Amino acid sequence: MTRDAAAFRQMTDAGLLKATAAGSHAAFAEIASRHYQSVYRLVWRMTNGAADAEDMAQEAFVRLWRNPAQVREAGALRGWLMRVAANAVIDRSRKPRSAALDDAPEVEDPQARPDAPLDRAQAARLVDARIADLPERQRLALSLVYFEGLTNIEAAAVLEVSVDALESLLARARRGLKDSLSGEWRELLGGLAETGQ
Amino acid sequence: MEQDNNRSDDRELKAVLGHSPAPELPAGAMDRLMARIAAEPQGSNVVPFVPRPSAPRPFWRLVAAVPLAASLALGIWLGASGKMDFMMPSTVTGGVVLNDDAPVDDLGGVGDAYAEEGTT
């Protein structure tokens, strides 16, 4: 088993997919260890840290396990997983949910105390909340490109849009975020400069 | 110029987004995933082709084809021989169709015009 795991670590995603299709749990575990974190991060960002973020990320992997042949291009496995997870998030957001308000974390309005500087935790909560306010597809585009480091071409493939359409989504997301954080924008930039990040 | 602005916007956005920490996988998430996978049957990728079972064709279907074929052949023979033309409307069988009353020099009215002018 350990020897298997070591061998699988050397394999490409294509090889792992083939082994997974043959029923290898160890190959699947290697795929999960490579991509679960990034798929979870994407879902977390899309849902603003909802309690069921793990379930939705898990769902993408369960679908992969059920039928690995669905992934036509093994090189785009991460993109495929992200697309499935993002679709799960979008489906969830379209279902009427009674607890939707409970999911949203409370963000202190910085306008309420204009003179107080933002601390690190407040800044993080504020930025997360403003990202969560963006329309779904803009949020997804932003998360894929800025947080997950996908190229525009890869992100466009995940969103199933053209690169031009992705760039338009990103431009709108940038504008929207800048507008909603207009009061704190300079402070957020300055804070980073001070901390040397 | 526009490209410089975009780059500057991009840098600023990255700096602002840097405030948002990357969430870590919850503890035990990988184990929970693998436990779920262990309980999940893997679907077959290939759908086996099984032809739909069908009953053998009954003999009477072949017998029924004989009078149908004979009827078709009779219809073609009667139509070609003209023996049943009396039952057809004249527009199908009459002189118009046969074009037998048209004069040889029928010019579709052009000849009449020449005749009126006395040029023919």
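Mentor: Start with one contact between the chains: E54(A), Q58(A), F61(A), V62(A) and W65(A) of α4(A) meet A29(B), L33(B), R36(B) and I37(B) of α2(B). Keep in mind that this is a predicted model.

Trainee: How many residues does each chain give to the contact?

Mentor: Chain A gives 34 residues and chain B gives 26 residues. On the chain A side, α3, α4, α7 (120-133), α10 (163-180) and α11 (185-195) each supply at least two residues. The largest share of that side, nine residues, belongs to α3(A).

Trainee: What is chain B made of?

Mentor: Chain B has six helices and zero strands. Buried residues account for 4% of its 120 residues.

Trainee: Which residues of chain A does α4(A) meet in α3(A)?

Mentor: First the geometry: the axes of α3(A) and α4(A) come within 8 Å and cross at roughly 140°.

Trainee: What makes α3(A) oblique to α4(A), rather than roughly antiparallel?

Mentor: Roughly antiparallel requires an angle over 145 degrees. The crossing is at roughly 140°, and that makes α3(A) oblique to α4(A). As for the residues, α3(A) contributes F28(A), A32(A), Y36(A), V39(A), Y40(A), V43(A), W44(A) and T47(A), while α4(A) contributes A53(A), E54(A), M56(A), A57(A), A60(A), F61(A) and W65(A). Here too the crossing is right-handed.

Trainee: What makes α4(A) oblique to α5(A)?

Mentor: The axes of α4(A) and α5(A) come within 8 Å and cross at roughly 130°. The roughly perpendicular range ends at 115 and roughly antiparallel begins over 145, so α4(A) is oblique to α5(A). The crossing is right-handed. M56(A), A57(A), E59(A), A60(A), R63(A) and L64(A) of α4(A) meet L81(A), V84(A), A85(A), A88(A), V89(A) and R92(A) of α5(A).

Trainee: Which residues have the most contacts inside the largest nonpolar core?

Mentor: They are V39(A), V43(A), A57(A), A60(A), L81(A), A85(A) and A141(A), in a core of 61 residues. Helix α3 of chain A, residues 25-47, provides the largest share, 12 residues.

Trainee: How do you know that this core lies between domain 1 and domain 2 of chain A?

Mentor: Domain 1 (1-97) and domain 2 (105-197) both give residues to this core, so it lies between them.

Trainee: What does V39(A) touch, beyond its neighbours within four places in sequence?

Mentor: V39(A) is in contact with A57(A), A60(A), L81(A), M82(A) and A85(A).

Trainee: Why is N48(A) called partly exposed?

Mentor: N48(A) has 16 C-beta neighbours inside 10 Å. Exposed needs 12 or fewer and buried needs 20 or more, so N48(A) counts as partly exposed. N48(A) is in the loop between α3 and α4 of chain A, and its phi is near 55°, a positive value in a residue other than glycine.

Trainee: Are E160(A) and V161(A) exposed or partly exposed?

Mentor: Both lie in the loop between α9 and α10 of chain A. E160(A) has 9 C-beta neighbours inside 10 Å, so E160(A) counts as exposed. V161(A) has 16, so V161(A) counts as partly exposed. Phi of E160(A) is near 55°, again a positive value in a residue other than glycine. Leaving out residues up to four places away in sequence, V161(A) touches A156(A) and L166(A).

Trainee: What makes G75(A) exposed?

Mentor: G75(A) has 11 C-beta neighbours inside 10 Å. The limit for exposed is 12 or fewer, so G75(A) counts as exposed. G75(A) is in the loop between α4 and α5 of chain A. The C-alpha atoms of G75(A) and D13(A) are separated by 6.6 Å, although these residues are 62 residues apart along the chain.

Conventions:
Residues are numbered from 1 along each chain as its sequence is written. Chains are lettered from A and ligands numbered from 1 in the order in which they are written. This is a predicted model: local features need pLDDT of at least 70, side-chain atom pairs count only at pLDDT 80 or more; totals for chains, interfaces and linings use all residues. A nonpolar core is a set of buried Ala, Val, Leu, Ile, Met, Phe, Trp, Tyr and Cys residues joined through C-beta atoms within 7 Å. Helices (H or I, at least four residues) and strands (E, at least two) are DSSP runs, numbered from the N terminus. Domain bounds come from an automatic or database domain assignment. Two residues are in contact if their C-beta atoms, placed from the backbone, lie within 7 Å. Axes are lines fitted to C-alpha atoms, for helices over the stretch in contact, and angles run from 0 to 180 degrees between N-to-C directions. Angles under 35 degrees count as roughly parallel, over 145 as roughly antiparallel, 65 to 115 as roughly perpendicular and the rest as oblique. A crossing is left-handed if the near helix is turned anticlockwise from the far one by less than a right angle, and right-handed if clockwise.
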